[in-house]
Amino acid sequence: MTTFVLTAGAWLGAWAWDDVVPLLEAAGHRAVPITLAGLAERREETTGLEGHVRDVVAAVEGVGAGDGGGTVLVGHSYSGVPVGVAAARLGDRLRRTVFVDANLPVPGRPFADSLPDGGASLRATIAAHGGSWPPLPPAAFAAHGLDPERTRRLLARAVPHPGATLTDPAELPRPLASLTASYVYCRREGSPPRSDAAALTDGGAWQSVVIDSSHWPMLSVPGELAAVLLAEAER
């Protein structure tokens, strides 16, 4: 039995994995979705990036060694940053780390720097909203391939994301290439891979998988995503 620790991206909580968890459990595994501080049922908590890293580490340590199948840590979108740092700290306590269309931590730099304008607009938005990043409007989700009903579902439960987690620099204790990891690209036919992951997957140290999905596969294609995660547990 493998234990999957599942961490969703900005604005989301453990609920984002509701359609994936039963599929992993039906295959005989354990699925533990987590909510990071400042989000969903923890929205009143104040935190920075280090707080999210500690949340992930605590979740992995809390599940223990399992029943011999080890722990697969999964990070989606923004959470790839704290998950990547946590995985580097956890080392061989993880069987594998899986990044699902995720941002990756860059030593000494924050998530915001990865945006096309270097994070200027994000920082301005955070400042204008009392230190939080509000969920994007519906059109932005449509642009990433999420249909109206799933966008409605996401926005009904999304909450503003704690801004400090996006502007605090990441501190990596060892290179990402040293992780036993896979990257799941969520993209449509002909779209390019994420440049921050390509160096690690295109002839690099990591495995990669491509699924035809929006940026939120746990909502748009939960069956396909569960199948990918189950395959990752067998690597």
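**The sheet and the aromatic pairs**

So, strand β3 (residues 71-76) and β4 pair in the parallel sense, over five bridges. Strands here are DSSP runs (E, at least two residues; helices are H or I, at least four), numbered from the N terminus, and two strands pair if DSSP finds at least two bridges between them. One of those contacts: Val74 has Val98 in β4 as its bridge partner.

Quick caveats: this is a predicted model, where local features need pLDDT of at least 70 and side-chain atom pairs count only at pLDDT 80 or more, while totals for chains, interfaces and linings use all residues. Residues are numbered from 1 along each chain as its sequence is written, and side-chain values use heavy atoms, with hydrogens and water left out.

Zooming out, there's an open sheet of six strands with parallel pairing, in the order β2-β1-β3-β4-β7-β8. β2 (30-34) and β8 sit at the edges with a single partner strand each, so one side of each has no neighbour in the sheet.

Now the rings. There are seven aromatic pairs, meaning Phe, Tyr or Trp rings (six-membered ring for Trp) with centres within 6.5 Å; planes under 30 degrees apart are stacked, over 60 edge-to-face, the rest tilted. Trp11 and Trp133 are tilted, at 4.7 Å centre to centre and 55 degrees between planes. Both Trp11 and Trp133 are buried, that is, under 20% relative accessible area with a 1.4 Å probe, protein chains only (exposed is over 50%, partly exposed in between). For Phe99 and Trp206, the centres are 4.9 Å apart and the planes at 5 degrees, so that pair is stacked.
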